[in-house]
Amino acid sequence: MPASKDDVARIIVRECQHRGYNRDDCLAIMSALWQESGWRDDVWDPTHTTYGIAQQDGSYPKRFDGAEAQVTAFFDRLDRKRGGVDIWLLICWLQQAPNWPSAQFWWDHGRRDYLTEIKSRIVNVTPYLDKFFKYSPATGGPSVPDNRPAFNEFPIWSDNFSDRGGKKPSLFLLHTQEGGGGNAAAENLANWFKSANNVSYHYTISQASDGGVTVVDCVDTDLASWSVLDANSYSINLCFAGSKAAWTRDDWLKQANAIDVAAYLAVQDAKKYGFPATLIGTGGAYNNAKAGVADHQFVTNVLKIGTHTDVGPGFPKDVFNVALAKYANAAAQPPAPSPSADVLASLKAVRAELDSIIAKLGG
Ligand SMILES: [Zn+2]
């Protein structure tokens, strides 16, 4: 049975409040989805290409699973593009041209009538907003701080994936590429395994020479990538494009922004799939946990699957761990997270190490 309008409104409001979108954001999201489908979870577009409340294409694996799945998948992808962008433009970017590099690029080159169309639905959805959105900014409702770091994200979907066979991800694993590099490293790697080479990762990531980070989505995290043999079905895999397991700590710290974004993605996925957003280890040293965040060598040494030893001993796991804690705490304790004594101590240690590296470099 299709979801009722009240059901859809409740789901949208719940996701907004859970993910820290305010009342104005909620209005924009409700309006856009009304324009897309009239909030019906069982309608095709006239060309039989897009389906459901958010009119999702075949890259959304759960689009036939009803209102709940459609709306949460919409938010999952909206979240990834968030950060300093007007909510209306953000939605236009996601719904009209998600492969384009930015919301601004959509505004410069896209079909601007879409913005007028979705805004025309404010009148339709306002009664639902008033009925279900209990808090407004003026009355001090709960909101989660938007701590998303700056990065550019777009998909280059790979054909190299499998069903998870009913398993849920319980590991987030880091990898090196052992080749590649340059400002378009993440995009180049994603293209390399788009439809060949029998390998894939959920994410490729790289930091360009100007410090900007690019994340390419290659396999939906509901599906298994081809990264770690028999451990594929229960892991999410991210590859630092252009990296090598032989890198030194200093080599890795040139990708510090990408390391920070990788931690953010790990926390988002840990939260989504319900595994701990904590570090088991990297570079051959692991604690006893079987679920959490680790690297490919964990699969080799602990799970006894395969022979790979990335990401290597030079990977700055202390820096990565601080970033994990930063994003995990912000997610767990809104609205005013304060770092624990442990995190503060390791932040100080990292700071001291960075200071000494800067001193050595003489600038
Ligand atoms: Zn690997």
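Author: Let us begin with a definition: a residue is buried if 20 or more other C-beta atoms lie within 10 Å of its own, exposed if 12 or fewer, and partly exposed in between, with C-beta atoms placed from the backbone. Helices (H or I, at least four residues) and strands (E, at least two) are DSSP runs, numbered from the N terminus. Six of the six residues of E3 are buried, so this strand is largely enclosed by the rest of the structure.

Reader: Before we go on, what sort of model is this?
Author: This is a predicted model, in which local features need pLDDT of at least 70 and side-chain atom pairs count only at pLDDT 80 or more, while totals for chains, interfaces and linings use all residues. Residues are numbered from 1 along each chain as its sequence is written.

Reader: Back to E3, then. Which residues point which way?
Author: Leu171, Leu173 and His175 point one way from E3, whereas Phe172, Leu174 and Thr176 point the other way, and all are buried. In a regular strand the side chains alternate between the two faces of the sheet.

Reader: Which strands does E3 pair with?
Author: Two strands pair if DSSP finds at least two bridges between them. Strand E3 (residues 171-176) pairs with E7 in the parallel sense over six bridges, and His175 has Cys239 in E7 as its bridge partner. E3 also pairs with E10 in the parallel sense, over four bridges; there, Leu171 stands opposite Gly292.

Reader: And E7: why is it described as largely enclosed?
Author: Strand E7 (residues 235-240) is largely enclosed by the rest of the structure because six of its six residues are buried. Both faces are covered, with Ser235, Asn237 and Cys239 on one side and Ile236, Leu238 and Phe240 on the other.

Reader: What about E4?
Author: Strand E4 (residues 203-207) and E7 pair in the parallel sense over three bridges, and Ile205 has Phe240 as its bridge partner in E7. E4 is also joined to strand E5 (residues 213-217) by five bridges, and these two run antiparallel. Ser206 stands opposite Thr214 in E5.

Reader: In what order do the strands form the sheet?
Author: The order is E1-E5-E4-E7-E3-E10: six strands that form an open sheet with mixed pairing. Strand E1 (152-155) and strand E10 (292-295) are the edge strands, each pairing on one side only.

Reader: Changing topic, how many residues does helix H3 have?
Author: Helix H3 (residues 67-81) has 15 residues. From its first C-alpha to its last, H3 reaches 22 Å, close to the 21 Å expected at 1.5 Å a residue; the expected span is 1.5 Å times one less than the number of residues. Its buried residues are Ala67, Gln70, Val71, Ala73, Phe74, Leu78 and Arg80.

Reader: What follows H3?
Author: Gly83 follows H3, and the phi of Gly83 is positive, near 120°.

Reader: Lastly, which domains does the chain have?
Author: The domain assignment gives domain 1 (5-132) and domain 2 (152-328), where domain bounds come from an automatic or database domain assignment. The C-alpha centres of domain 1 and domain 2 lie 29 Å apart.
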